[in-house]
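Hi,

Here is the structure I promised to send over.

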Amino acid sequence: MSSTLDSNACKLLFTEARTANLFLDKSVEPNLLREIYDLMKWGPTSMNCCPARIVFLTTPKAKARLIPSAFDGNVARINSAPVVAIIGQDMEFFQYIPHLYPHAPENKKVFEDNEFAAEATAFRNSTIQGAYFIFAARALGLDCGPMSGFDNARVDKEFFGGTHVKSNFLCTIGYADSAAAFPRGPRFAFEDVCQVL
Ligand SMILES: Cc1cc2nc3c(=O)[nH]c(=O)nc-3n(C[C@H](O)[C@H](O)[C@H](O)COP(=O)(O)O)c2cc1C
């Protein structure tokens, strides 16, 4: 087995992958949602706390519940996507630390006693899990359109009422209409933003 990805895989994941704006009228096989999760779940989180919780909206009826929370500029994208994932974060993730991090179950208490640490940890780790989500989906041949342009409190009320889960960001999934992509934005060069000390 090769120990590095070949250049085609790197193109698929990074250099030629683009953020999806609008999508082709092509459905996403339901089993791919499980495959995305079964890849992304292996990405590392602090204390293996795994705070991300995901709701997949796969029908027009389910997406219609999201539309009133979306900023105007994101409505067309949501409507054209076969699937929209709500990447959420369980603010009580630490309840599962004894199960997920069995060699230090007492670490649950670190977060029980420190709301600031719990919030920062939930946000940081659900965000990187959201990034794992995007790259898992790309690895499976899908395109993603992540979005933070929405009313989080409204989404939380609509989809996470009565739970300890809060929304982090949205991610459309499907097969992009490449003609609708925005022009590729530049990136910083290594020298601009990296230091090697
Ligand atoms: C966390 C996150 C939130 C974003 N929110 C929005 C959004 O609300 N609306 C939108 O049109 N694009 C949104 N984007 C898309 C970015 O503008 C896009 O990924 C970036 O410009 C890079 O585009 P490229 O992958 O095509 O190079 C978001 C991207 C990320 C990662």
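This is a predicted model: local features need pLDDT of at least 70, side-chain atom pairs count only at pLDDT 80 or more; totals for chains, interfaces and linings use all residues.

**Helix packing**

Two packed helices are described by the angle between their axes and the distance between the axes. Helix H7, residues 115-139, packs with H2 at an angle of about 125 degrees, and the two axes are 8 Å apart. The crossing of H2 past H7 is right-handed. If you want to find the contact on screen, pick out Ile 36, Leu 39 and Met 40 on the H2 side. They meet Gln 129, Tyr 132, Phe 133, Ala 136 and Ala 137 in H7.

H7 also packs with H1: these axes come within 9 Å and cross at roughly 135 degrees. That makes H1 oblique to H7 as well. This crossing, too, is right-handed. On the H1 side the contact is made by Leu 12, Leu 13 and Phe 14, and on the H7 side by Phe 135, Arg 138 and Ala 139.

**Salt bridges**

Side chains of opposite charge can pair when their charged atoms come close. How many salt bridges does a search of the whole structure find? There are five, and I'll go through some of them here.

Take Asp 90 and Arg 53, whose closest N and O atoms are 3.2 Å apart. This pair links distant parts of the chain, with Asp 90 in strand S2 (residues 83-90) and Arg 53 in strand S1 (residues 52-57), 37 residues apart. Are these two partners buried or exposed? Asp 90 has a relative accessible area of 7%, and because the cut-off for buried is under 20%, Asp 90 counts as buried. Arg 53 comes out at 24% relative accessibility, so this residue is partly exposed.

Next, the side chains of Glu 158 and Arg 65 meet at 2.6 Å, N to O.

Glu 112 is partly exposed at 40% relative accessibility, and Lys 108 is partly exposed at 24%.

Most residues other than glycine have a negative phi. Now look at the loop between H2 and S1, where you will find Met 47 and Asn 48. Met 47 has a phi near 55 degrees, a positive value in a residue other than glycine. Asn 48 does likewise, with a positive phi of about 50 degrees. As for accessibility, Met 47 is partly exposed at 25%, and Asn 48 is partly exposed at 32%.

**A buried loop residue and an exposed one**

Asn 21 lies in the loop between helix H1 (7-15) and helix H2 (30-40). With a relative accessible area of 14%, Asn 21 is buried. What does its side chain reach? The side chain of Asn 21 reaches the backbone oxygen of Ala 180, at 2.9 Å. Leaving aside residues up to four places away in sequence, Asn 21 touches Arg 77, Ser 80, Ala 180, Ala 181 and Phe 182.

Gly 162 is in another loop, the one between helix H8 (152-159) and strand S4 (165-174). Gly 162 counts as exposed, because its relative accessibility is 92% and the cut-off for exposed is over 50%. For a sense of scale, Gly 162 and Ala 81 are 81 residues apart in sequence, and their C-alpha atoms are 28 Å apart in space.

Let me know if you have any questions.

Cheers

Key. Residues are numbered from 1 along each chain as its sequence is written. Side-chain values use heavy atoms; hydrogens and water are left out. Helices (H or I, at least four residues) and strands (E, at least two) are DSSP runs, numbered from the N terminus. Buried means under 20% relative accessible area, exposed over 50%, partly exposed in between (1.4 Å probe, protein chains only). A polar contact is a pair of N or O atoms within 3.5 Å; within protein, one must be able to donate a hydrogen and the other to accept it, and residues adjacent in sequence count only if both atoms are side-chain atoms. Contact means heavy atoms within 4.5 Å. A salt bridge is a side-chain nitrogen of Lys or Arg within 4 Å of a carboxyl oxygen of Asp or Glu. Axes are lines fitted to C-alpha atoms, for helices over the stretch in contact, and angles run from 0 to 180 degrees between N-to-C directions. A crossing is left-handed if the near helix is turned anticlockwise from the far one by less than a right angle, and right-handed if clockwise. Angles under 35 degrees count as roughly parallel, over 145 as roughly antiparallel, 65 to 115 as roughly perpendicular and the rest as oblique.
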